[in-house]
Amino acid sequence: MSNKKRLFGTFGVRRTANDVLTPEFATRLAACYGTQIKGTVAVGGDTRTTSPMLMQAVIAGLLSSGCDVVDLGILPTPGVQYAVRKYYDGGVMITASHNPPKYNGIKFLDEDGIGIPDDMELAIEKLYFDEEPDRVPYYEMGEISHNDQIIDEYIDDAISKVDVEAIRDANLKVVVDCGSGAGCYTAPYLIRKLGCDVTTLNSQADGFFPGRDPEPIEENLGELITVVKELNADIGLAHDGDADRTICIDEKGNFVLGDKTFSLVEKQMLKENNGGTIVTTVATSQAIYDIAEEYNGKVIATAVGDLLVARKLKDENGLFGGEENGGLIFPDFVYGRDAVMTVAKILEIVAKEKKPISELVSELPVYYASKMKIECPDDEKEFVMDSIADEVKNTTEYKLDLTDGVKILKDDGWMIIRPSGTEPIFRCFAESDSQMKADEMTDWGISLIKKYRK
Ligand code: MG
């Protein structure tokens, strides 16, 4: 079997909805997945206009292959992951996460609620293209049921894992921007149940995302920043379209980088548990390692991808993990980026430490980052990476990490060169103890790519 994937990307299949991603496509693909699972499968979707269409198509395919289906309705991706881990044999989430409204996607989950592994994706593709999925006779047809309790259960379970009294006593004023995504069904209710004074923005579900783009980056969160300042709120929170990522705005209206949120929660988790294993990717800040060293933690770095981090956390019985984009993973809750637990935990930290979030962030290790990209034809990428690795391998000044792309570590920082999986470009990312050094390192990375690119 060839190991080149024909449909699946880093987490599921994501395409333009009803163009490539038609109901016919979704039904057949779901039947192929159902053929592999042969059990009870939960199905959920985000707030996109095309999600109900694709959910119905996926449900038809699953039934056709003999699976039973539990329709969870519209909810965050981690809500489906939570449900599957607890009750079901598999799960399907219809979402395009932070992408614009014309896109949608299909994510398949294994019995632990983690995105399915490569070998299962390849098996599904083989069934899809070269063989036929199982089609069961009428007397083996699966059944559909609904689970309307799962959102409450998911929220209440997260609340049970934090010090609710401490959060209530802090009387926090919180502004949350759900971006009209799936977080509308969880975040405002969670924050209210935690006894905070909550103001909502874009918390009406709407697949046109009329208030802002679903990606929670600084340029899309201007309104949230303004409202946090105007209301003198303690914190602002924002989610992406399927509410697995969480971004914080401090009480002064500053955008808090995902690395900082990750470090802040890492520190608390290690302190509370007297150490533990932290899993992240090779592209995350040195701050994660510094905090682990100080609080008796051990860091394992995987290739880039939340799925890989989640799987490693399970395999290593890890304490906590995440990425630099605001995707934090609490493995005793959900094996994937989870916004409900992240929000509960951040509010708990602010409440218990009795300090403004800007002060908590200022206590974290400080590093400076630099990012650049450069064009390179896909068929030259491997040669460029091999050549750079060869050049650096024989020096004593640098250390090399080939977990993902080429990562070069120096005494005062690191730089990583990674090929894009979807575009003919390389991304170069560096971090150091000064902005100048970080910029110099990305310049150096770009010059290395130019040297070996034809
Ligand atoms: Mg997402």
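Author: Welcome! A crossing is left-handed if the near helix is turned anticlockwise from the far one by less than a right angle, and right-handed if clockwise. Keep in mind that the model you are looking at is predicted.

Reader: Thanks! Is the crossing of H9 and H12 left-handed or right-handed?
Author: H9 covers residues 258-273, and H12 covers 339-353. For H9 and H12, the crossing is left-handed.

Reader: How are H9 and H12 oriented to each other, parallel or perpendicular?
Author: Their axes come within 10 Å and cross at roughly 70°. Angles of 65 to 115 degrees count as roughly perpendicular. Therefore H9 and H12 are roughly perpendicular.

Reader: How many charged residues does the contact of H9 with H12 have?
Author: From H9 come Thr261, Leu264, Val265, Gln268, Met269, Lys271 and Glu272, and they meet Lys345, Ile346, Glu348, Ile349, Lys352 and Glu353 in H12. Sorted by class, this contact has 5 nonpolar residues and 2 polar ones, and its charged residues number 6.

Reader: Is Thr261 buried or exposed?
Author: You will find Thr261 in H9. Setting aside residues up to four places away in sequence, Thr261 touches Cys248, Val256, Leu328 and Ile346. Buried means under 20% relative accessible area. Because Thr261 has 2% relative accessibility, it counts as buried.

Reader: Let's move to the start of the chain. How are H1 and H2 oriented to each other, perpendicular or oblique?
Author: H1 spans residues 23-37 and H2 spans residues 51-64. Their axes come within 7 Å and cross at roughly 40°, and H1 passes H2 in a right-handed crossing. That angle is why H1 and H2 count as oblique.

Reader: How many charged residues are in the contact of H1 with H2?
Author: On the H1 side are Pro23, Ala26, Thr27, Ala30, Ala31, Tyr33 and Gly34, and they meet Met53, Leu54, Ala57, Val58, Ala60, Gly61 and Leu62 in H2. By class, these residues divide into 11 nonpolar and 3 polar, and the number of charged ones is none.

Reader: What is the relative accessible area of Val58?
Author: Val58 sits in H2. Not counting residues up to four places away in sequence, Val58 touches Ala26, Ala30, Val43, Val92, Ile94 and Ile106. Val58 is buried because its relative accessible area is 0%.

Reader: Why is H3 largely enclosed by the rest of the structure?
Author: H3 runs over residues 77-87. Strand E2, strand E3, strand E4, strand E5, helix H5 and helix H12 are among what covers its buried residues. H3 is largely enclosed because, of its 11 residues, the number buried is 8. Those are Thr77, Pro78, Gly79, Val80, Gln81, Tyr82, Ala83 and Val84.

Reader: Which residues of H5 are buried?
Author: The buried residues of H5 pack against E3, H3, helix H6 (164-169), helix H7 (187-193) and H12. The buried residues are Ile150, Ile151, Tyr154, Ile155, Ala158 and Ile159.

Reader: Is Asn202 buried or exposed?
Author: Asn202 lies in the loop between strand E8 (197-201) and helix H8 (222-230). It has a positive phi of about 45° although it is not a glycine. With 13% relative accessibility, Asn202 counts as buried.

Reader: And Asn296, is it buried or exposed?
Author: Asn296 is in the loop between helix H10 (287-294) and strand E13 (297-302). Asn296 has a positive phi of about 65° although it is not a glycine. Because its relative accessibility is 56%, Asn296 counts as exposed.

Methods. Residues are numbered from 1 along each chain as its sequence is written. This is a predicted model: local features need pLDDT of at least 70, side-chain atom pairs count only at pLDDT 80 or more; totals for chains, interfaces and linings use all residues. Side-chain values use heavy atoms; hydrogens and water are left out. Axes are lines fitted to C-alpha atoms, for helices over the stretch in contact, and angles run from 0 to 180 degrees between N-to-C directions. Helices (H or I, at least four residues) and strands (E, at least two) are DSSP runs, numbered from the N terminus. Angles under 35 degrees count as roughly parallel, over 145 as roughly antiparallel, 65 to 115 as roughly perpendicular and the rest as oblique. Contact means heavy atoms within 4.5 Å. Ala, Val, Leu, Ile, Met, Phe, Trp, Tyr, Cys and Pro count as nonpolar, Asp, Glu, Lys and Arg as charged, and the others, Gly among them, as polar. Buried means under 20% relative accessible area, exposed over 50%, partly exposed in between (1.4 Å probe, protein chains only).
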